[in-house]
Amino acid sequence: MRRTMTPEQPEVATPPKHDARDLIGAGVQARIELDDKTYWLRITRAGKLILTK
């Protein structure tokens, strides 16, 4: 989401966009690591995303 630049607030960069299916591949879940912690990203049968630690 791009915001309009105002004198009080500098422009905020648009965050990168990733397709969850590209991260997960042919399965239904993927492991995501951040620092020393592992998280699981899962696509449910209803097409929702769940991120668990």
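Leaving aside neighbours within four places in sequence, Arg-42 is in contact with Ile-24, Val-28, Gln-29, Lys-48, Leu-49 and Ile-50 (contact means heavy atoms within 4.5 Å). Keep in mind that this is a predicted model, where local features need pLDDT of at least 70, side-chain atom pairs count only at pLDDT 80 or more, and totals for chains, interfaces and linings use all residues. Residues are numbered from 1 along each chain as its sequence is written, and side-chain values use heavy atoms, with hydrogens and water left out.

So where does Arg-42 sit? Arg-42 is part of strand E2; strands here are DSSP runs of E with at least two residues, numbered from the N terminus. Arg-42 counts as partly exposed because its relative accessibility is 36%, that class lying between buried (under 20% relative accessible area) and exposed (over 50%), with a 1.4 Å probe and protein chains only. Arg-42 and Ala-20 are 22 residues apart in sequence, and their C-alpha atoms are 8.9 Å apart in space.

Now for the partners of E2. Two strands pair if DSSP finds at least two bridges between them. E2 (residues 37-43) pairs with E1 (residues 29-34) in the antiparallel sense, over six bridges, and Trp-40 in E2 is the bridge partner of Arg-31. Two residues separate the strands in this hairpin, where Asp-35 takes a positive phi near 55 degrees.

E2 also pairs with E3 (residues 49-52), again antiparallel, over four bridges. Here Arg-42 comes back: its bridge partner in E3 is Ile-50. The hairpin of E2 and E3 has five residues between the strands, and Gly-47 takes a positive phi near 85 degrees.
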